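Here is a short report on a structure with the sequence alongside. Look at the fold first, then read on.

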Amino acid sequence: MTRYVVGRLLTAIPLVWGIATLMFLLVHLAPGDPALQYITPGMDREVVEQVRANFGLDQPLHVQYGRWLGAMVTGDFGYSYSMARPVADVVANAFPNTLLLSGSALLLAFVIGIVLGTIQAVRQYSVTDSLLSVILLFFYSMPGFWLALMLVLSMSLFANAIWELPIWFPASGMTSADYDLMSPAGRVLDRIWHLVLPTSALSLALAAGIARFMRGSMLEVVRQDFIRTARAKGLPERVVIFRHALRNALTPIITLVGLYIPFLFSGTVFIETVFAWPGMGRTIVDAIGTRDYPLIMAASFFFAITVVVANLIADTLYAVVDPRVRYD
Amino acid sequence: MKKLMLTVATLAMVACGGSDVTRTVSNDPFCQAVIPAVDAWLAEARASHPAPADDRYGGMAVVAAVGEIADGMNSAVARDYGATQHQQFINLMTLIDYDDVAFPRPYLAESWEVADDQTSITFRLRQDVFWHDGEQTDAHDVAFTYAAVTNPETGYANAAFWDHFVHGEAGVEVLDDFTVRIAMRPHADPMDPFRVLAILPEHLLGDVPLSELGRHPFGTQCPVGNGPFVFYSHEPQSRWVFEANPAFPEGLGGRPYLDRYVYRVIPEQTTLLTELLTGGVDVYIQPTPDQARMIIDDPDLDLVNFVGRDYVYVGWNARLPKLADARVRQAITMAIDRESVVEALLGGYGRVANSGVPPFHFAFDPDLQSPVSFDRERARALLTEAGWVDRDGDGVRENASGERLSITLKYNPNEIRQTIAELMQAQASEIGVEIIPTMTEWNTLVGQISSEARDFEGVVMGWQAEFRLDDMDLFHSERSDRMFAFSGTNNPEIDRLLEAISSTRGRDASRALWAEYQQEIMVEQPYTYLYFRDRLAGVNSRLSGVVMDARGEWVNARQWYIEPDVR
């Protein structure tokens with residue numbers, strides 16, 4: 001097992017290097033110039049050249065590539081021009097925020113998906129099953145951006161200003177503006193309160209997909225012999241479903257985790273924009289818009305690593321959950 | 001059990017994940033050194049300068065906009081509007097500021113004197129201004145800042161500011177600790193740059209090589225200002241937090257009323273409006289014109305609007321034979337119903353522009369009759385007179401040699417600019433001019449128009465005018481190789497007026513020249529000037545004392561206050 005993981009990690013190195021190099025070329029060959037982001041009528045060509053030189057962009061491409069690769073290997077991601085701070089610092093700020101958002105969304109999606117999928121399977125062809133199918137398909141087919149805006153409108157604007165409900169949620173940000181003045185318990189609550197809308201927007205569509213998978217997987221399991229045996233033994237239905245069927249039906253679902261992790265990171269781009277969440281998705285989009293080469297490179301490098309690691313986790317989990325799978 | 005575990009896991013993630021420190025402090029060594037110094041000084045200043053007994057002191061205001069204050073508080077490299085505003089009015093200080101009719105008044109400099117021969121300005125500084133780490137602000141800070149921004153190595157974006165000044169260390173002399181003299185050549189409006197340029201602390205940045213000044217952590221990680229608000233924290237792409245400076249000079253109004261000022265970044269405008277309507281933010285900078293109605297209709301909100309300094313225009317490349325004749329450019333402008341463009345695009349929140357002189361400016365001539373106002377008949381006549389006639393009946397005019405009057409109009413991906421290009425296309429076709437809108441990515445577009453080849457025919461662009469207006473770099477024929485002199489204007493009368501304006505002192509003396517210049521520009525039509533956009537802001541009425549005008553949204557932030565019952 002260890003050998004397998006180490007082997008996978010080793011083969012990942014050239015893969016990540018290849019992705020990063022390709023990104024470097026794409027980004028530098030695409031039109032654009034970070035020194036021309038802001039222009040004023042009196043701007044001087046020399047000033048533009050100077051700004052370029054201060055950014056290190058006056059060097060030939062292969063020199064820039066060599067410098068960048070050398071720095072990258074030693075863990076120096078360079079300086080972000082658009083954010084005016086070291087790239088490592090930008091990523092260190094944004095990555096945990098995305099992790100928190102996508103982690104909560106993933107968790108929520110799986111809890112909702114598994115619960116609803118199980119209910120549907122147990123009550124196959126009932127009114128509940130059909131109704132849930134319709135609702136789930138509705139969320140599944142809704143564009144994430146639109147769903148996010150609708151949540152802002154209904155749960156924040158209307159709930160607060162028009163319906164004047166006792167419970168409403170903030171439309172943006174990770175914490176309130178006076179967060180640092182709150183009590184420790186107040187801070188935790190403030191964070192959860194701010195997490196509700198973005199997490200829901202991100203996880204509802206996912207949950208719908210997972211529920212469909214879960215339903216299918218569960219239906220397959222309940223038809224198997226050992227379930228019939230369990231029922232024949234006279235076990236209560238609750239035990240049959242939860243202890244015997246559910247555990248086996250979960251195996252294929254767990255491998256979905258690995259598949260969804262990279263999706264979650266790209267899915268956060270819209271959600272982070274709508275909810276003003278200072279995470280990686282927004283960082284990379286803004287960086288592309290401002291031609292912030294070092295930041296684009298570092299962020300895509302991070303995404304590449306995330307995808308590789310997520311796939312590795314998925315494959316490993318598979319072996320852990322299903323004893324029949326062995327990587328020796 | 002499983003559910004319990006999930007709950008615990010969620011809580012653990014919420015508590016540990018993210019940046020769960022109450023204050024984001026950079027781990028850069030520079031910041032690690034200055035932040036404690038600022039904290040210590042602030043604690044002491046609070047103890048020695050308790051807030052006066054007045055109900056208005058206290059509370060927190062939240063301002064939000066779609067963009068980050070990208071360049072932070074580093075005035076040597078700042079380019080974006082939000083950054084200069086925060087430097088001028090929140091965290092740092094400029095030598096002078098402007099009153100509401102844009103006359104210079106003392107700020108960091110308590111007085112100044114322009115030499116009789118117009119070759120220098122001597123500033124005498126206040127002696128009660130301190131950097132937020134306790135050092136006193138003095139003439140050495142001014143000298144350092146001036147020498148840095150006038151040195152090309154720094155890459156100061158608005159280098160044209162210093163056209164008429166002596167550059168680098170040679171241009172500035174410290175006469176004593178609080179007196180500094182800056183050398184220049186005689187020119188009009190020499191004070192304006194000192195309204196924009198915020199002074200930087202020499203004791204913190206003096207040893208930084210100029211080419212590295214732009215990437216110093218001072219800018220976005222731990223600025224140390226001397227202005228009315230002290231930097232507290234900055235979470236990138238999320239928020240800046242500032243606290244009242246209790247020791248801000250009494251002579252300038254003393255401590256700001258607000259305890260705390262927060263700037264939030266909310267990139268999606270629907271979300272921003274929601275936050276304003278639900279009370280999450282107090283000021284929404286630049287709502288869209290269609291959101292203005294909702295803000296006006298809400299009893300708790302006020303809509304502030306004022307004529308901005310930025311104008312949108314279509315620039316023509318007069319170097320091309322088909323656009324060289326001013327009559328062609330005039331005709332195209334006359335074909336455009338600019339009043340309706342303002343109505344349609346900005347919901348009326350804007351004003352038709354006839355030149356780059358903004359309506360609030362002293363040089364603006366309100367009596368000017370535009371010779372190019374909307375008139376299709378005259379436009380057609382002008383084109384015919386210039387030799388452009390539809391000879392083959394395809395609806396597009398040709399000249400004698402059969403060249404069609406077809407113009408490519410470039411714009412960058414932006415909904416408003418695209419609409420402008422399409423409106424131009426539709427309206428110009430009425431007079432037999434074919435306009436072909438072409439979307440070009442921003443950086444590419446700027447590269448094309450500023451290149452020596454001037455690879456464009458028409459372009460939709462915008463400029464932000466300063467209070468000190470100077471079109472030299474845009475339209476003077478001797479400067480036609482400047483980056484943005486893409487119009488290729490070559491008009492001796494305009495040259496003469498631009499020169500006269502830039503050397504005439506005093507507003508009254510130059511007003512007549514300005515009127516003449518505006519008249520001449522309308523005839524020349526290097527650009528089809530479209531409009532000055534109003535700047536809008538949605539303001540929660542619990543925030544009192546808010547003044548916003550062409551000087552900026554933050555111009556009197558230190559006088560904003562919140563009554564105790566609505567805090």
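## Chain A

In what order do the elements of chain A run from the N terminus on? The order is α-α-α-β-β-α-α-α-α-α-α-α-α. That comes to 11 helices and 2 strands. Note that this is a predicted model. The C-alpha trace of chain A spans about 85 × 60 × 40 Å along its principal axes. Of its 328 residues, 41% are buried. Take the contacts in chain A between residues at least 6 apart in sequence: 72% of them join residues at least 24 apart.

Helix α3 of chain A covers residues 61–73, which is 13 residues. From first C-alpha to last, α3(A) reaches 18 Å, close to the 18 Å expected at 1.5 Å a residue. A:Gly75 follows α3(A) and has a positive phi, near 85°. Helix α1 of chain A (residues 2–29) holds A:Leu22. A:Leu22 has 12 other C-beta atoms within 10 Å, so A:Leu22 is exposed; the cut-off for exposed is 12 or fewer. A:Leu22 and A:Met297 are 275 residues apart in sequence, yet their C-alpha atoms are 9.9 Å apart in space.

## Chain B overall

Chain B has 17 helices and 19 strands. Its C-alpha trace spans about 80 × 75 × 40 Å along the principal axes. Does the radius of gyration of chain B agree or disagree with that of a compact globule? It agrees: a compact globule of 567 residues would have a radius near 24 Å, and chain B has 26 Å.

Of the 567 residues in chain B, 50% count as buried. Among chain B contacts between residues at least 6 apart in sequence, 69% join residues at least 24 apart.

## A four-stranded sheet in chain B

Four strands of chain B form an open sheet, in the order β4-β5-β7-β6. Their pairing is antiparallel. The edges are β4 (109–114) and β6 (172–176) of chain B, each pairing on one side only. From one strand to the next, the twist averages 20°.

Start with β4(B) and β5(B). They pair in the antiparallel sense over 5 bridges. They also form a hairpin, with 5 residues between them. In the turn, B:Gln118 has a positive phi of about 65°. B:Val114 stands opposite B:Ile121 in β5(B). Next comes the pairing of β5 (residues 120–125) with β7 (residues 179–183) of chain B, antiparallel over 5 bridges. Here B:Phe123 has B:Val180 in β7(B) as its bridge partner. The bridge partner of B:Arg124 is B:Thr179.

## Faces and cover

Which residues of β5(B) lie on the covered face, and which on the uncovered one? B:Ile121, B:Phe123 and B:Leu125 make up the covered face. B:Ser120, B:Thr122 and B:Arg124 make up the uncovered one. In a regular strand, side chains alternate between the two faces of the sheet.

Helix α4 of chain B (residues 139–149) lies across β5, β6 and β7 of chain B. It runs at about 175° to β6(B).

## Where the chains touch

The contact takes 60 residues from chain B and 60 residues from chain A. On the side of chain B that touches chain A, several elements supply at least two residues each, among them α1 (2–16), β1 (60–65), β10 (260–265) and α7 (269–277) of chain B. The largest share, 6 residues, comes from α1(B). By class, this side of chain B has 24 nonpolar, 24 polar and 12 charged residues.

Is α7(B) largely enclosed or open? It is largely enclosed by the rest of the structure, because 7 of its 9 residues are buried. The buried residues are B:Thr271, B:Leu272, B:Leu273, B:Thr274, B:Glu275, B:Leu276 and B:Leu277. Just after α7(B), B:Gly279 takes a positive phi of about 85°.

## One more helix residue

B:Ile416 lies in helix α13 of chain B, residues 415–429. It has 15 C-beta neighbours inside 10 Å, so B:Ile416 counts as partly exposed. B:Ile416 and B:Val523 are 107 residues apart in sequence, and their C-alpha atoms are 27 Å apart in space.

Conventions:
Residues are numbered from 1 along each chain as its sequence is written. Chains are lettered from A and ligands numbered from 1 in the order in which they are written. This is a predicted model: local features need pLDDT of at least 70, side-chain atom pairs count only at pLDDT 80 or more; totals for chains, interfaces and linings use all residues. The radius of gyration is taken over C-alpha atoms; the globule rule is 2.2 Å times the number of residues to the power 0.38. A residue is buried if 20 or more other C-beta atoms lie within 10 Å of its own, exposed if 12 or fewer, and partly exposed in between; C-beta atoms are placed from the backbone. Two residues are in contact if their C-beta atoms, placed from the backbone, lie within 7 Å. Two strands pair if DSSP finds at least two bridges between them. Axes are lines fitted to C-alpha atoms, for helices over the stretch in contact, and angles run from 0 to 180 degrees between N-to-C directions. Ala, Val, Leu, Ile, Met, Phe, Trp, Tyr, Cys and Pro count as nonpolar, Asp, Glu, Lys and Arg as charged, and the others, Gly among them, as polar. The expected span of a helix is 1.5 Å times one less than its number of residues.
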